[in-house]
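Me: I would like to go through the terms used for this structure. Please set each value against its cut-off.

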Amino acid sequence: MEQNKIYLIVGLGLLGGKYAKELSERGFTVTAIERSEERLQFALEHGYISRGKSADFTDLIQEADHIVFGLYPTVFIEWVRQWGKYIQPGCVFTDVSGVKTGLVDTIQQLLPEGVEFIASHPMAGKETSGVENSDKVDFSTANFIITPTEKNTPQAIAWCRELAETLGFRHITMLTAAMHDHMIGYVSQLCHAIAAALMIAEDNTSLAEYTGDSFRDLTRIARLNDKMWAELFLWNKENLINQIDQFDMALQTIKKAMEDDDREKLERLFQLSTKRRALFDKKQ
């Protein structure tokens, strides 16, 4: 990527902060818009950004060659409605949003002439949040998903792929917005729903005294950013509800085998689980 380009980060959360850190370390000029003065100050003090503002930031928008949006979907749409007119022709930008259906088309329809949005999703979130925790994120072991539409140019798609490569992502792939949301519903949102369910199914106040690695590993992601995950769940609810039903059917299959004292069936189910996990591990 051209190092004379200015990258604007809108939202210095966990991933926005990591983008800022990595791009600055690679010699790019990085600016930021963030409503929290505390987060802006942290990013400035640690060299993640060269400039940042929480208000009166139209100059930062107009100067940007590329923008990375680290906002919740509804906030992202409202931001573009209000401030998108200041994005200059030739600017190509992306996001880190965990849902795409309904978001990508809406943003693309709101854009001024000559501006292009190519959606993407870095699969590198943590159970922590905020720019102050962004150094804990490891892109080198993470997947990166690009979700182009018919409105995207080959040049924008190539830029997004190069951005992911520059940031150090190990595996880069492309999906439609609909397929992205279907897959993410299963491999991310369903996992968070299960982790949350494990924590709320009964009073866990004393479980820490008795638990082993299994419970700790399964519930690591149960420390949820309530506002973000509630929004993601509701935004992708059709996929996620179907996948919760699918998971429930699998759990009921195990339950029925236990009720029937069917050891042979339980062993077959566990063998299938082991086999599929082995295939998964080979691709990591």
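**Values against definitions**

Reply: Arg81 and Glu78 sit three residues apart in helix α4 (residues 73-83), about one turn of the helix. The model is predicted: local features need pLDDT of at least 70, side-chain atom pairs count only at pLDDT 80 or more, and totals for chains, interfaces and linings use all residues. Residues are numbered from 1 along each chain as its sequence is written, and side-chain values use heavy atoms, with hydrogens and water left out.

Me: Why is the contact between the side chains of Arg81 and Glu78 called a salt bridge?
Reply: The term asks for a side-chain nitrogen of Lys or Arg within 4 Å of a carboxyl oxygen of Asp or Glu. Arg81 and Glu78 meet at 2.7 Å, N to O. That is within the cut-off, so the name applies.

Me: Why can residues three or four places apart point the same way?
Reply: An α-helix has 3.6 residues a turn, so such residues point the same way. Arg268 and Glu264 are four residues apart in helix α11 (residues 263-282), about one helical turn. Their side chains also form a salt bridge, at 3.3 Å, N to O.

Me: Why is Glu264 called exposed, but Arg268 partly exposed?
Reply: Buried means under 20% relative accessible area, exposed over 50%, and partly exposed in between (1.4 Å probe, protein chains only). Glu264 has 55%, so Glu264 is exposed. Arg268 has 45%, so Arg268 is partly exposed. Glu78, at 46%, is also partly exposed.

Me: Which residues are linked with Lys53 and Asp59 in a network of salt bridges?
Reply: Arg51 and Glu63 join Lys53 and Asp59 in that network. The side chains of Lys53 and Asp59 meet at 3.0 Å, N to O. Lys53 is partly exposed at 26%, and Asp59 is partly exposed at 22%. The structure holds 13 salt bridges.

Me: How do you know that the buried residues of α9 line one face?
Reply: The buried residues of helix α9 (residues 226-235) are Trp229, Glu231 and Leu232. Seen down the axis, they fall within an arc of 160°, so they line one face of the helix. The arc is that of the directions from the helix axis to the C-beta atoms. The face turned away carries the exposed residues Asp226, Lys227 and Leu234.

Me: What do the buried residues of α9 pack against?
Reply: They pack against α4 and α7. Contact means heavy atoms within 4.5 Å.

Me: How do you know that the radius of gyration agrees with a compact globule?
Reply: The radius is taken over C-alpha atoms, and the globule rule is 2.2 Å times the number of residues to the power 0.38. For 284 residues, a compact globule would have a radius near 19 Å; the protein chain has 21 Å, which agrees.

Terms used
Helices (H or I, at least four residues) and strands (E, at least two) are DSSP runs, numbered from the N terminus.
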